[in-house]
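Subject: Structure handover

Hello,

Please find the structure below. My notes on it follow.

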Amino acid sequence: MSRRFLFVLGSARTEGNTELLARAAAEQLPDDVEQRWIRLAEHPLPDFTDLRHASDHARPPADSPAGLLLDATLAATDIVIASPLYWYSVSSLTKRYLDYWSGWLRTPGLDFRATLSGRTLWGIAALADSEPSVADPYAGTLNNSAAYMGMRFGGVLLGNGSAPGDILKDTDALTRAKTFFAQDAPLARFPHQVA
């Protein structure tokens with residue numbers, strides 16, 4: 001299967017530091033790798049309603065924000081969550097997208113979990129702190145989501161930036177971006193499963 005990257009942009013800001021870092025990493029992908037970029041702010045999802053124990057799990061219409069994101073997610077071999085670090089985790093736009101995965105798990109005929117199993121989840125984030133460990137909850141959210149889905153996890157590419165364009169001064173992050181997608185992504189494991 002040829003690789004198809006879905007970049008899920010979770011920032012409230014257009015062309016913010018996280019997006020700039022994601023684009024720097026994406027520039028390194030081979031020309032034959034398909035890239036699709038979706039800005040969550042341009043396709044707002046309604047509040048997620050938990051219907052896990054209800055019986056009306058219908059596939060969202062293809063022309064709705066949920067349908068667009070579902071189809072793009074199912075088509076991707078690699079899903080890149082490009083969300084700035086907001087209060088030490090993913091943005092609310094990104095969290096809502098991940099919440100929708102719960103509903104898609106129970107939609108008849110989708111086989112959402114089986115389809116994503118073995119595929120790769122990546123994270124890219126700009127943070128306004130010089131200490132990368134403050135992003136541990138962010139990385140944990142993505143790692144644990146990948147582990148639950150049986151996905152691989154490529155880790156999180158972090159860069160420092162608060163004001164617009166700050167990330168372009170973070171030469172270390174831009175250097176790491178050049179090889180970020182070239183690394184081998186292991187099967188994700190929950191922390192309690194790691195020996």
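Helices (H or I, at least four residues) and strands (E, at least two) are DSSP runs, numbered from the N terminus. This is a predicted model, in which local features need pLDDT of at least 70 and side-chain atom pairs count only at pLDDT 80 or more, while totals for chains, interfaces and linings use all residues. Residues are numbered from 1 along each chain as its sequence is written, and side-chain values use heavy atoms, with hydrogens and water left out.

Overall layout

The protein has 6 helices and 5 strands, and along the sequence they follow the pattern β-α-β-α-β-α-α-β-α-β-α. Its radius of gyration (taken over C-alpha atoms) is 16 Å, close to the 16 Å that the globule rule (2.2 Å times the number of residues to the power 0.38) gives for 195 residues, so the protein is as compact as a globular protein of that length. The C-alpha trace spans about 50 × 35 × 35 Å along its principal axes. Of the contacts (heavy atoms within 4.5 Å) with a separation of 6 or more, 79% are between residues 24 or more positions apart.

Burial and cores

Buried means under 20% relative accessible area, exposed over 50%, and partly exposed in between (1.4 Å probe, protein chains only). Buried residues make up 47% of the 195 residues.

A nonpolar core is a set of buried Ala, Val, Leu, Ile, Met, Phe, Trp, Tyr and Cys residues joined through side-chain atoms within 4.5 Å. The largest one has 37 residues, of which I79, Y97, W101, W104, F112 and L121 touch the most other members. Elements that each supply at least two residues of this core include β1 (4-9), β3 (78-82), α3 (92-105) and β4 (120-127). Leaving out residues up to four places away in sequence, Y97 touches L6, V8, L40, L45, L69, T73, I79, I81 and W104. There is also a second, separate core of 21 residues, with L9, V33, W122 and I124 among them.

Helix α1 (residues 17-26) is mostly covered, with 8 of its 10 residues buried. Its buried residues are covered by elements including β2 (34-39), β5 and α6 (171-177).

Cavity

A cavity is a set of points on a 1 Å grid over the protein atoms alone where a 1.4 Å probe fits but cannot get out, and lining residues have an atom within 4 Å of a point. The structure holds 1 cavity of 30 Å³ or more.

Single residues

T120 lies in strand β4 and is buried, at 9% relative accessibility. Beyond its neighbours within four places in sequence, T120 is in contact with T77, D78, I79, M151, R152, G154 and A185.

D172, in helix α6, is exposed at 53%. Its C-alpha is 9.4 Å from that of N160, 12 residues away in sequence.

Two residues other than glycine have a positive phi. E15, in the loop between β1 and α1, has a phi near 55° and is exposed at 55% relative accessibility. Y88, in the loop between β3 and α3, has a phi of about 75° and is partly exposed at 44%.

Regards

Terms used. On a 1 Å grid over the protein atoms alone, a cavity is a set of points where a 1.4 Å probe fits but cannot get out, and a pocket is an open set with protein on both sides within 12 Å along at least five of seven lines; lining residues have an atom within 4 Å of a point. Grid points are joined across faces, edges and corners, and a volume is the space filled by probe spheres set on the points.
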